[in-house]
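I opened the notebook to look up a few things in this structure. Here is what I wrote down as I went.

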Amino acid sequence: RHGAVKNEDTFKTSPFHFDLWFYFTLQNWVLDFGRPIAMIILPLEWFPLNKPSAGDYFHMAYNVITPFLLLKLIERSPKTLPRSMVYVSIIMFVMGASIHLVGDSVNHRLIFSGYQHHLSVRENPIIKNLKPETLIDSFELLYYYDEYLGHSMWYIPFFLILFIYFTGCFTPVEEESRMPVAALLLTGPSSLYYWYLVTEGQIFILYIFTFFAMMALVMHQKRKGLVLDSNGLFLFYSFIITLVLIALWVGWLWNDKILRKKYPGVIYIPEPWAFYTLHMNNLHAAKESL
């Protein structure tokens, strides 16, 4: 039966999935992190503003490849996992990523018209002068679909699937609780991508709850004499380093008054693209004027 845990597979272990983790990290960097960069650096005449950009095609590829890799990762788990929950999560993931594709496409194209990500929708000079004013409500709706609904339906199932996989990454064999060199080499790029995912996606609460759940599970399984295998260690250490990177990022921008205004409240974690449009764009403009 789907979702049942077989006695015979409870203590099975699996080697480090270098191929899957490598493809996963590579496509995350190229298709997710790289999509807004591709949109900016490629000539505008190749992708007119009223047509999908290069970044949109990257996003489309991401929406197909990532669910496939997640399913393959679940298939390789040494433990039989709840398939129904996995399938529903994959469906929600695709829906959320697709919603985000539309909203993010329009929002990033607005950069060419002077839209500034470090400002709210209503504070943007190109938005607040729109007539009639009800158009501003439409742009706020677009922002809601992009930054809130799309992100929630994208990232919640994404982290849920990773956690479901993590539950099967335990072994009673102490010698198998170590990371091979390949895993150590991938930990850095993987952690850096998760830093980008958490900060740009504004999903710190989701990330930290997932991390706390991982820690609780590790301590619970340790009482049973079980330890993380190489794949579990890779995920766990990636999340730990991500937390360190987030702390360094927040500490660096702690006294930035403009970003503080954009991100009020107790949890202050600026988006990298807001930092870019605020500081890096100004730097580029200053160089061009020289």
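I count a residue as buried under 20% relative accessible area, exposed over 50%, and partly exposed in between, using a 1.4 Å probe and protein chains only. This is a predicted model, so I kept its limits in view: local features need pLDDT of at least 70, side-chain atom pairs count only at pLDDT 80 or more, and totals for chains, interfaces and linings use all residues. Residues are numbered from 1 along each chain as its sequence is written, and side-chain values use heavy atoms, with hydrogens and water left out.

**Entry: Asp32.** I found Asp32 in helix H1; helices here are DSSP runs of H or I with at least four residues, strands are runs of E with at least two, and both are numbered from the N terminus. Is Asp32 buried or exposed? Asp32 has a relative accessible area of 1%, so I logged it as buried. Its side chain makes a polar contact of 3.0 Å with the side chain of Arg35 (a pair of N or O atoms within 3.5 Å; within protein, one must be able to donate a hydrogen and the other to accept it, and residues adjacent in sequence count only if both atoms are side-chain atoms). Leaving out residues up to four places away in sequence, I listed Gln27, Tyr62, Trp154, Tyr193, Tyr196 and Leu197 as touching Asp32, where contact means heavy atoms within 4.5 Å.

**Entry: helix H2.** Tyr62 is also one of the buried residues of H2, along with others including His59, Asn63 and Leu70.

**Entry: cores.** A nonpolar core is a set of buried Ala, Val, Leu, Ile, Met, Phe, Trp, Tyr and Cys residues joined through side-chain atoms within 4.5 Å. The largest has 61 residues, and Trp21, Phe158, Tyr194 and Phe239 touch the most other members. H5 gives the most to this core, with 9 residues. I then checked Tyr194: not counting residues up to four places away in sequence, Tyr194 touches Phe24, Phe158, Leu162, Leu235, Ser238, Phe239 and Thr242. Another core, of 6 residues, lies apart, with Val121, Ile127, Ile136 and Tyr143 among them.

**Entry: lining of the largest pocket.** A pocket is an open set of points on a 1 Å grid over the protein atoms alone, where a 1.4 Å probe fits, with protein on both sides within 12 Å along at least five of seven lines; lining residues have an atom within 4 Å of a point. I noted 24 lining residues, with Glu147, Tyr148, Gly201, Gln202 and Ile203 nearest the centre. H5 supplies the largest share of this lining, 7 residues.
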